[in-house]
Amino acid sequence: MRSSTVSKASNIFNLSSTIREIHTSPNHSHSASRQRLSLSLLSLSDSHPLPNQNQPIYLVHINLSLFIHTLFFALSLYPRQSNNAAMASATAPTTLSLLPTATSSSTSHIRSSLLHLSPTSSSSSSCSISLRSSNIRRLGFSAADPLFAHGVASKVRSFGGKAVRGVVSMAKKSVGDLTAADLKGKKVFVRADLNVPLDDNQNITDDTRVRAAVPTIKHLIQNGAKVILSSHLGRPKGVTPKFSLAPLVPRLSELLGIQVVKADDVIGPEVEKLVASLPDGSVLLLENVRFYKEEEKNDPEFAKKLASLAELYVNDAFGTAHRAHASTEGVTKFLKPSVAGFLLQKELDYLVGAVSSPKRPFAAIVGGSKVSSKIGVIESLLEKVDILLLGGGMIFTFYKAQGLPVGSSLVEEDKLGLATTLLEKAKAKGVSLLLPTDVVIADKFAPDANSKIVPASGIPDGWMGLDIGPDSIKTFNDALDTTKTVIWNGPMGVFEFDKFAVGTESIAKKLAELSGKGVTTIIGGGDSVAAVEKVGVAAVMSHISTGGGASLELLEGKQLPGVLALDEATPVPV
Ligand SMILES: Nc1ncnc2c1ncn2[C@@H]1O[C@H](COP(=O)(O)OP(=O)(O)O)[C@@H](O)[C@H]1O
Ligand SMILES: O=C(OP(=O)(O)O)[C@H](O)COP(=O)(O)O
């Protein structure tokens, strides 16, 4: 899907190798016994030593039997306590035991223990029933799960309608609040994210973002509005024909069932003429808004010119909501009302709603290439999840921080301390943090590399980990079987190479299976979405985010300027 991903992974990898060559001591060898160690659930304890060359390694792993019993005990004592808090008490230091090297029998013990976690879900479903039956009306959000919108609505009420921060300020006025009386004959500036991939012949290779923009546009034209549709495509430097929005016209017209007219410019007299000639219920697509450098600079004069084309503003460009640009943020200063489109709402419902009031147990799967690019996400999720599964290239930094040999795997030497801190934080928060117990290693970074499966502690010199192994897939799947909400960001391995795509594809299939059983499954991040599409299970997931960078920023707890700028939803009295 993304042609740049292999080269991205390869570049990251080369950079890491260079850093590693600088940082790794030539005497850094590992004894055979150390390499035989198999890594079970990795330590959450601050008592695990970083082994030196002469010490036997002891890995702390959770005594899950005790963990489960304590968990059930905690839940039975505190039925109203959040599972997170229950998990925290259940994983208090007394439940940790120092064991010598994990064995396969201990691994299967862990698996069966994990399988028995599912009864905890009952507490969350009873909570959900009582909330659903309450009389709080939802705001502009069109949540698939009313519980999410309920959480947002009740927070707004509790602050007397004044948005304060975080989730609260994400409750925005919706395009769904605008009726025919508001829209008939009105010129509406709609910012969408139609930044789709195109092949060499300018054919759209993935129309997800076009399809996702349709409900808002349809609502507007069906209510008699004149839609002035704006988007960027790529990152052009000035007017660049290959970044024209012209290839979007046929697909948009087909999906909307009307002929979309395209302007050759974004502002100016020609565009104004076209706008003036628009009949009710029609769509005018402006040229790539980034053909003007003023767009990304959020130039107020340019924003004013854009705004002068219309009377109302709808932002449905979730993928670009983390950018404070003229068409996403600047125009809102000149157009009232400025409201959220249906796609933007849905993204917020899931990505904010699921994280702030998830059905529990709540798990996050975080993968991808580097710890550094996911620190914010991991730290933020540690505050919220019950289970955190880590995969992808970042795991080797965690392994190395634990004193394990990592061969020539991707490692961020300057993040070893951070990795240890994150493990400690997980323990302190009572989060079950699982690292893969085995990995698929390769003798080079290439699709045709020789490969083999080894325990996580057994990566030989000169080999690199490029995927999680079958034991880990099984353990991760068992943990996921216990959950009610799962968020996934980042692939488990170098899924662009078929040989190393098994871990990522297995997770995609597992989440598809869980979606069918009513688990809320949310996929964010460009590469994870690409993996889900590749396996052909995108349609069954609860939510696939159309924004990679934007969804990451939301998961990190950041505010999105394109959302902040919109009118606040009116709190509904109950
Ligand atoms: N073990 C690994 N070694 C090197 N690169 C990896 C490894 N596992 C995953 N990757 C790479 O990570 C990249 C995705 O990382 P990232 O951009 O953080 O994910 P996302 O786009 O889902 O947020 C992919 O190109 C993938 O090949
Ligand atoms: O494709 C996009 O973001 P994404 O690659 O993070 O999903 C959006 O269209 C934003 O594009 P930008 O990152 O050039 O501002």
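Student: OK, so contact means heavy atoms within 4.5 Å. Going by that, which residues does Ala 192 touch, not counting residues up to four places away in sequence?

Tutor: Keep in mind that this is a predicted model. In it, Ala 192 touches Ala 213, Leu 229, Ser 230, Ser 231, Asp 316 and Ala 317, once residues up to four places away in sequence are left out.

Student: Where does Ala 192 lie?

Tutor: In the loop between strand S3 (187-191) and helix H9 (208-222).

Student: And is Ala 192 buried or exposed?

Tutor: Buried. Ala 192 has a relative accessibility of 1%, and the cut-off for buried is under 20%.

Student: What separates the C-alpha atoms of Ala 192 and Ser 253?

Tutor: 15 Å, with the two residues sitting 61 residues apart along the chain.

Student: Let's zoom out. How many helices and strands does the chain have?

Tutor: 22 helices and 17 strands. The chain has 574 residues, and 59% of them count as buried.

Student: What about the contacts, how much comes from residues 24 or more positions apart?

Tutor: Take the contacts in the chain with a separation of 6 or more: residues 24 or more positions apart account for 74% of those.

Student: And what does the accessible surface come to?

Tutor: About 22,400 Å² for the chain, and carbon and sulfur atoms own 55% of that.

Student: Ligands next, please. Which residues are closest to ligand 1?

Tutor: Ser 369, Lys 374, Gly 465, Glu 496 and Asp 527 are the closest of the 22 residues that surround ligand 1.

Student: What sits 3.1 Å from an oxygen atom of ligand 1 on the Ser 369 side?

Tutor: A polar backbone atom of Ser 369. Lys 374 uses its side chain instead, with an N or O atom there 3.1 Å from an oxygen atom of ligand 1. Then there's Gly 393, where a backbone N or O atom lies 3.1 Å from a nitrogen atom of the ligand.

Student: How much of ligand 1 does the protein cover?

Tutor: 94% of the 580 Å² of accessible area that ligand 1 has on its own.

Student: Which elements give two or more residues to the shell around ligand 1?

Tutor: Helix H1 (4-23), strand S14 (464-468) and helix H20 (526-535).

Student: Now ligand 2. Which residues come nearest there?

Tutor: Asp 193, Arg 235, Arg 323, Gly 548 and Gly 549, out of 13 residues around ligand 2.

Student: What are the polar distances to ligand 2 for Asp 193 and Gly 549?

Tutor: A polar side-chain atom of Asp 193 is 2.8 Å from an oxygen atom of ligand 2. For Gly 549, a backbone N or O atom lies 2.7 Å from an oxygen atom of the ligand. Arg 290 has a polar side-chain atom 2.8 Å from an oxygen atom of ligand 2. As for cover, the protein takes up 86% of the 390 Å² of accessible area that ligand 2 has on its own.

Student: Switching to the strands: why is S15 largely enclosed by the rest of the structure?

Tutor: Because five of the five residues of S15 (residues 485-489) are buried.

Student: Which way do the residues of S15 point?

Tutor: Thr 485, Ile 487 and Asn 489 point one way, while Val 486 and Trp 488 point the other way.

Student: What do S15, helix H19 and S16 make together?

Tutor: A right-handed β-α-β unit, with H19 covering residues 502-516.

Student: One more spot. Where is Asn 477, and is it buried or exposed?

Tutor: Asn 477 is in helix H18 (residues 470-480). Asn 477 is buried, with a relative accessible area of 16%. Neighbours within four places in sequence aside, Asn 477 is in contact with Ser 506 and Lys 510.

Student: And Ser 356, which helix is that in?

Tutor: H14 (residues 342-356). Ser 356 is partly exposed at 29% relative accessible area, and its C-alpha atom is 7.7 Å from that of Lys 384, 28 residues apart along the chain.

Terms used:
Residues numbered from 1 in each chain as written. Chains lettered and ligands numbered in written order. Predicted model: local features only at pLDDT ≥ 70, side-chain atom pairs only at ≥ 80, totals over all residues. Heavy atoms only, no water. Buried < 20%, exposed > 50% of the residue type's maximum accessible area, 1.4 Å probe, protein only. Helix = DSSP H or I, 4+ residues; strand = E, 2+ residues; numbered from the N terminus. Right-handed = clockwise from strand over helix to strand, strands pointing away. Near = heavy atom within 4 Å. Polar contact = N/O pair within 3.5 Å; in protein donor to acceptor, adjacent residues only side chain to side chain. Areas by Shrake-Rupley, 256 points an atom, 1.4 Å probe, with all protein chains shown as cover.
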